[in-house]
Amino acid sequence: MRKAETVLAGRCDSILLVLERPLITDNYLGCLRTAECMGLQNVWIVVQQRGYIKTEAPEAGSKAELKEFRKRVRLSRQSAQWLDVREFATTAECVAALAAGGWEVWATDLSEAAVDLMTSGSVSLPPKLAIVMGREADGCTNEMLAAAHKRVYLPLAGFNQSLNLQVATGMVLQQLLRLRPSSRGDMGVERKAAIRRDWYTKLARSEAQLSAFLKHVDAPPPPQATKAGLDVIVVDRKEFFDIVFANVRFSVRPAGAPGVAVPYADIPGMGTVKMGVVTELTKSSATLEGGEVIPFDYCAICTGSTHRGGAWVQPQGTTISDREAEVKATSEQVISAKSIVLVGGGPVGVEMAAEIVESYAGKTVTLVTSGAVLLEGEPVKVSKGAAQWMKDNKVEVVYGCRASESDGTLTMTPKAGGEAKSIKADLVIWATGSSPNTAFLKGTEFASAIDEAGRLKVGADLRVTGYTNVFALGDVCDVKETKLAYYAGLHGVHTAANVAMLAKSGDGAKLKAWKPYGGTKVMFVSLGTSAGVASIGGCVLPSFLVASMKSNDLFVTKYRAELGVKPAPKAALPATRK
């Protein structure tokens with residue numbers, strides 16, 4: 001039932017697929033399977049009067065091919081049971097029914113009158129759209145073309161200018177759903193109820209099961225949340241997902257980085273999100289601050305780290321309004337300060353210094369680092385590129401010093417020894433210094449798995465040492481790699497695949513090992529909105545390329561797209577670029 005509810009939640013009722021006189025059985029059945037897989041509910045067919053051309057099975061001697069053929073036909077035939085399929089003897093009958101149902105008809109056609117379906121600006125989907133696919137040999141009939149409100153086509157780039165009917169159907173449907181993503185899941189409540197009853201009846205394997213299923217028609221179970229059929233529960237103290245690497249701009253100039261805080265409620269497929277704090281964790285359950293106990297089969301500890309930079313680097317509050325108030329306060333501090341010192345020569349310090357210089361002219365900006373170079377550990381060209389940008393933009397860089405702060409005075413002590421120096425500044429921002437968030441695990445059964453640095457010891461597959469069902473990702477695991485949000489994201493993708501394998505095959509599953517840095521070390525550092533330094537696998541990228549890939553919006557657009565949420569409003573340019 002939960003699988004049925006998952007499918008039903010994404011079902012499309014506003015796009016109707018019409019197959020006009022398909023000739024070949026395999027194509028016709030394949031189109032039904034394609035439509036069902038892509039979430040359509042309605043398929044109408046104008047039946048070929050002379051009957052279908054049956055697809056011949058492979059030679060009897062080829063057992064593997066014969067088995068595969070029969071499997072393909074069986075799956076395609078089974079797809080029809082989940083669809084509302086309606087057949088018509090003639091095109092005229094179909095056209096009349098389309099008109100009576102209020103459908104706007106778009107017919108696929110290769111004539112000059114057809115509109116390019118791939119050019120988004122040229123097409124806007126109507127509330128009820130019937131897309132007609134003609135038969136393999138000669139396309140839509142003149143009768144259907146005459147009844148169509150619009151003719152559309154897919155542009156092709158090869159010598160051949162026609163596609164197999166199944167392929168063409170899939171590509172057309174995908175483009176229509178891309179043009180209007182809201183079509184997925186647009187089915188009304190009453191319509192869903194009718195289909196639910198039909199599907200539950202077909203899914204039942206016995207009278208007793210049918211009776212049990214039908215009791216849930218008016219109160220169905222929740223949909224599954226993942227492709228692997230797992231219930232996913234996310235526990236976070238915040239009500240939103242934070243695109244953390246964009247905070248270097250968000251906290252300095254909020255208007256320059258809209259959309260950094262993404263409400264969990266806006267993210268599709270998140271499963272169940274619980275706002276709270278885990279106070280106790282065992283190998284099979286998590287206890288929240290209020291006493292709620294959440295049992296689980298698998299757990300991923302992704303608690304990140306606490307940064308000394310506070311609100312400059314990461315959210316401190318729990319709501320969107322809290323975060324907006326925080327960045328308003330931090331940006332006002334930057335605006336009012338004449339002299340600013342940033343401590344830390346890593347990506348955060350370098351990026352934030354560049355943001356301040358680009359956004360607010362006339363300020364004295366100093367960057368203090370304990371390293372001999374900026375972005376220590378990166379290729380020489382990357383470090384030199386960042387240093388040159390600082391020099392060109394009049395940022396003073398102090399190398400090889402450890403810093404301490406007291407009453408607005410920053411004391412810089414050379415690592416190599418020598419006299420300490422003090423500097424007075426209107427504003428000191430700490431862009432270095434973080435500790436993994438594992439304190440809540442001390443005193444629990446996981447205490448022995450925590451190393452001296454406060455990180456959880458993990459095996460090659462990112463499972464916590466001594467546990468088969470608990471993983472640790474990102475800043476809290478002891479993998480020897482630079483702790484960046486980018487790698488934490490890759491940890492998540494890697495672990496999701498391993499959890500799916502465990503769920504399918506049990507503890508005996510052969511899980512994939514994580515290669516530090518995902519196999520390729522990557523570092524992108526923005527220098528304002530129009531420059532940057534980067535390396536991929538040791539290969540240094542030119543500044544203009546880094547600017548186009550990251551610096552323009554700090555990957556906010558990319559990550560929002562991956563999360564499945566709407567693009568953020570257009571960012572305001574910094575004062576120096578207006």
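This briefing describes the overall build, the nonpolar core and a few individual residues of the structure above. The model is predicted, and its protein has 578 residues, of which 45% count as buried. The fold contains 15 helices and 28 strands, and its C-alpha atoms fill a box of roughly 95 × 60 × 50 Å along the principal axes.

**Overall surface, contacts and charge**

- The protein exposes about 28,900 Å², and carbon and sulfur atoms supply 54% of that area.
- Among contacts with a separation of 6 or more, 68% are accounted for by residues 24 or more positions apart.

**The largest nonpolar core**

- The largest nonpolar core has 56 residues, and those with the most contacts inside it are L342, V350, I356 and M390.
- Helix α11, which spans residues 347–359, gives the largest share of this core, namely six residues.
- Leaving aside residues up to four places away in sequence, M390 touches V350, A353, A354, L374, V395, V397 and L527.

**Strands β17 and β23**

- Strand β17 (residues 339–343) runs parallel to β23, and four bridges join the two.
- Within this pairing, L342 of the core stands opposite I429 in β23.
- In a regular strand, side chains alternate between the two faces of the sheet.
- In strand β23 (residues 427–430), L427 and I429 point one way while V428 and W430 point the other way, and all of these residues are buried.

**Residues with positive phi**

- L462, although not a glycine, has a positive phi of about 75°, and this residue is found in the loop between β24 (434–436) and β25 (470–472).
- L462 has a relative accessible area of 0%, and therefore counts as buried.
- Y517 is likewise not a glycine and has a positive phi of about 65°; its place is in the loop between α13 (485–505) and β26 (522–526).
- Because buried means under 20% relative accessible area, Y517 with its 18% falls in that class.

**D198 and W82**

- D198 lies in helix α7, which covers residues 189–203, and D198 counts as partly exposed because its relative accessibility is 31%.
- D198 and W82 are 116 residues apart in sequence, whereas their C-alpha atoms are 8.7 Å apart in space.

Technical notes:
Residues are numbered from 1 along each chain as its sequence is written. This is a predicted model: local features need pLDDT of at least 70, side-chain atom pairs count only at pLDDT 80 or more; totals for chains, interfaces and linings use all residues. Side-chain values use heavy atoms; hydrogens and water are left out. A nonpolar core is a set of buried Ala, Val, Leu, Ile, Met, Phe, Trp, Tyr and Cys residues joined through side-chain atoms within 4.5 Å. Buried means under 20% relative accessible area, exposed over 50%, partly exposed in between (1.4 Å probe, protein chains only). Contact means heavy atoms within 4.5 Å. Accessible areas come from the Shrake-Rupley method with a 1.4 Å probe; for residues, only the protein chains shown count as cover. Two strands pair if DSSP finds at least two bridges between them.
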